[in-house]
Amino acid sequence: MKKTKIITTDEILLTLCQSVTKVLSGAGNSNVAYSPMVQKIQKTCLRPDLGCFVLFDGGFSGLVIINFTAQAAMEIYKKYLMSMGMPESELAQFHTSDEVGNVMGELMNQIVGDFTNTVRYDLHTSINQSQPKMMAINKQVQILINTQLDQPQARRVTFSTPEHNIFYLELAMDKTEFIQLHEFDKAEQEHPDDILASAQQYTPEHTVSASAEVDDDFLKTLGL
């Protein structure tokens, strides 16, 4: 008898952790790692020095929070922009800078976007995300989800950077299980890089050559 496959809240959390490392690695921050141990917590909070939260709803509802220490935020921010060719001398020097908040907010948007896309393909359900809100704070702020959760669960995972700076991911969502009823083939996710690479195969030279052939044939029919 086939064993029924069940996806739990903690496995959904693992998917989110993998989205964090994947996006940060692509943004010049390779070797960011998360702890193999996860904490059960009673409530989610924004914590100093730089906190960001995103609400999601749809197939299931919840809240994602990432709390960066000032050192972790600056390390990730600088490596990201320097990987795109910006000189370090032109970068912001403090985590309270609007530029740092905007960049970290964009990374958070990419992380949750990758997570929702993976959920769509792996669990065959859809969730929608709100716009990330990034705030520099010096006191702990409790965040409550503006959605009724029947059996709320909250988790915290510790991340570390190559320079040994720490940041925390917190997830609050319904206690849920996805039970696979039958086997199915997972559709391959389309990656923007692959789409661009395919498009580049059709170079302007090929287009000009084809146009030239058409023009020559047309002129021959006219006896020219």
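Cys52 has Ile66 of strand E6 as its bridge partner. Strands E5 (residues 50-58) and E6 run antiparallel and are joined by 7 bridges, and 3 residues lie between them in a hairpin. Strands here are DSSP runs of E with at least two residues, helices are runs of H or I with at least four residues, and both are numbered from the N terminus; two strands pair if DSSP finds at least two bridges between them. The model is predicted, so local features need pLDDT of at least 70 and side-chain atom pairs count only at pLDDT 80 or more, while totals for chains, interfaces and linings use all residues. Residues are numbered from 1 along each chain as its sequence is written, and side-chain values use heavy atoms, with hydrogens and water left out.

A cavity is a set of points, on a 1 Å grid over the protein atoms alone, where a 1.4 Å probe fits but cannot get out, and lining residues have an atom within 4 Å of a point. The search of the whole structure finds 1 cavity of 30 Å³ or more, and the largest cavity holds about 40 Å³ of space. That volume is the space filled by probe spheres set on the points, which are joined across faces, edges and corners.

Which elements each supply at least two residues of this lining? They are strand E6 (62-68) and helix H3 (98-123), and H3 gives the most, with 4 residues. By class the lining has 9 nonpolar, no polar and no charged residues; Ala, Val, Leu, Ile, Met, Phe, Trp, Tyr, Cys and Pro count as nonpolar, Asp, Glu, Lys and Arg as charged, and the others, Gly among them, as polar.

The protein as a whole has 5 helices and 12 strands. Of its 224 residues, 39% are buried (under 20% relative accessible area, with a 1.4 Å probe and protein chains only). Among contacts (heavy atoms within 4.5 Å) between residues at least 6 apart in sequence, 71% join residues at least 24 apart.

Definitions and conventions. 1 Å grid on protein atoms, 1.4 Å probe; cavity = no way out; pocket = protein on both sides within 12 Å on 5 of 7 lines; lining within 4 Å. Buried < 20%, exposed > 50% of the residue type's maximum accessible area, 1.4 Å probe, protein only.
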